[in-house]
Amino acid sequence: MNRKQERSPLVPVPSGFLMREEDVDKTPVLEIRHLGVDFGGLVAVEDFNMALGRTEIAGLIGPNGAGKTTVFNLLTNEIEPTRGIIMIDGYDTRGRKPHEICRMGVARTFQNIRLFRNMTVLENVKIGLHNEMKYSIGEAVLRLPRYWDNESISDMRALELLSFFNMQDMAGWKAGSLPYGAQRRLEIVRALATNPSLLLLDEPAAGMNPSETVELMNNIRRIRDEFSIAILLIEHDMNLVMGVCDGIVVLNYGKIIAKGSPEDIMSDPVVIEAYLGKADQ
Amino acid sequence: MNLINHLINGIHVGSIYALVALGYNMVYGIVKLINFAHGDIIMAGAYVAFFALDAGMPTVVAVAASVAFCVVLGVIIEKVAYRPLRKSAKISLLITAIGISLLLENAAQKMFSATPRLFPKIIEGGFYIGERHISMTTVVTIIVSAVLMAGLTLFVKTTNAGKAMRAVSEDTEAAQLMGINVDKTISMTFAIGSGLAAIAAVLYCCSYPQVYPTMGALFGIKAFVAAVLGGIGSIPGAVVGGLMIGIAEALTKGYLSSMWADAIVFSFLIITLLLRPAGILGKKVVEKV
């Protein structure tokens, strides 16, 4: 395990975001420059800039309708940006299909869980491992050794990933029959199965009670440490955001209104105003 | 004729319906489109097999040519006609499918004329079980269909590509974000459906040896009824629906009159839609908004 005990201090990088000192010289896992998208005449996201270090956990927060999920959809090219550049590991994502973005190393979960409910837990994870399977349709039909080898390796890998959340015993269950919390965890496992370098979590704590949220925070840190990946999360639960994120971006009306460490954000008057409204004087 | 003979005939015709219904259901499952051109792919497959046999090719080669042609045709139709409309309203897709169907029928009429051609006998003989005569055509049809259906089920359940198909049919967006190439998966679905249609075409022509441009229309619609009856989008549903339609048709022809067969088939559709809109094995679909 490459668990990092001591993490280096945060330093600002040119895009205005904070990055761990150790990550500064490396290609950022994610770099966004002047990203913007219009829906018809409506500007949904405007001049969005950020960079994310290789093992960073960053939070994307903002009031409802601020454009947070739109940013996620832009990152996976489900929505094509009108302006700006997104770079994953230094590679431009323009014109790539969502499945190609996935192969570039971006995986995500969804605000409203979107598992393949009629498939088993194991099959869901194996869908994430889809691209690792190397056998042709002919080999599958004839059940040649390569079919069995690939299938058993991917079974093992899927179980190993499930054991990360202690879910290996549920492998045979229908995904739709899992309890809510387990479904959320399975979605994360399925995303991790695609071997990402950047994991996008869309409201991972939605519907969780405080003790489950604490567990989730630990899990997010464990994912970062054991898989050595960057995580960008959208979340309304401020305890989670403040507790787990290295850096935070605050979005309102499609624009970044603040960026910085949790401490900076919590005391930023612009952020407080966006969330609570201006105090009447 | 007696009951058992009618049942055997029913299973014979029903398994051909089932093969065609599988094509409807796989395509519906994955792109939520009722591919009205599917019946005309059968016609295309029948013509290819007919000309290949006419040119003196061995049966196996003729069937292979027919399958290959239909696979390519199905994939091209999807690429050219349906793919550009995938994100548009479903009604545009449906109209396009009807358009493609008319295009294929009329193109065939232009090229081959409306005169029916006699499909050569490729399966001969039969045998007796006691007093009962069973033709080889029936045996071959039932065995070939059963093998194909079992193979397809295994393919969809246990292979990587099959799992990708199921994932795309459950949630296309989530599937592509897991790295599944949706375009490739949809092409594969059309390829498999059209390949099955080609084999169904040959089997159909073995029992009803006439090839003509509109042969796929009514046959395709009846297979579609089978698909709806079994549960649109469901693979076992296609098999159940196909067999039910086949048996119902055979019993009607045997005990009532051939004239009534189609009427009975379509009243089955109406009754199913009234009692169980999702079909016998279909799941209730809750539209997400």
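Chain A of this predicted model is divided into domain 1 (6–105 + 196–281) and domain 2 (114–195), with bounds taken from an automatic or database domain assignment. The C-alpha centres of domain 1 and domain 2 of chain A lie 28 Å apart. Their contact (heavy atoms within 4.5 Å) takes 20 residues from domain 1 of chain A and twelve residues from domain 2 of chain A.

Local features need pLDDT of at least 70 and side-chain atom pairs count only at pLDDT 80 or more, while totals for chains, interfaces and linings use all residues. Residues are numbered from 1 along each chain as its sequence is written, chains are lettered from A in the order in which they are written, and side-chain values use heavy atoms, with hydrogens and water left out.

The two domains of chain A bury about 1400 Å² between them, 67% of it on carbon and sulfur atoms; buried area is the accessible area (1.4 Å probe) that two parts lose on being put together, summed over both. Zero salt bridges are found across this interface, where a salt bridge is a side-chain nitrogen of Lys or Arg within 4 Å of a carboxyl oxygen of Asp or Glu. Four residue pairs are in polar contact between the domains, both residues at pLDDT 80 or more. A polar contact is a pair of N or O atoms within 3.5 Å; within protein, one must be able to donate a hydrogen and the other to accept it, and residues adjacent in sequence count only if both atoms are side-chain atoms.

On the domain 1 side, α2, β9 (198–202) and α7 (210–227) of chain A give two or more residues each. Helices (H or I, at least four residues) and strands (E, at least two) are DSSP runs, numbered from the N terminus. The most comes from α7(A), with seven residues. By class, this side has eleven nonpolar, three polar and six charged residues; Ala, Val, Leu, Ile, Met, Phe, Trp, Tyr, Cys and Pro count as nonpolar, Asp, Glu, Lys and Arg as charged, and the others, Gly among them, as polar.

Between the chains, 30 residues of chain A are in contact with 26 residues of chain B. Chain A and chain B bury about 2500 Å² between them, 57% of it on carbon and sulfur atoms. Five salt bridges are counted between these chains. In a salt bridge, the side chain of K97(A) meets that of D183(B) at 3.6 Å, N to O. Polar contacts join 13 residue pairs of chain A and chain B, both residues at pLDDT 80 or more. On the side of chain A that touches chain B, α2 (98–104), α3 (121–128), α4 (137–141) and α5 (145–163) each supply at least two residues. The residues of that side divide into twelve nonpolar, seven polar and eleven charged.
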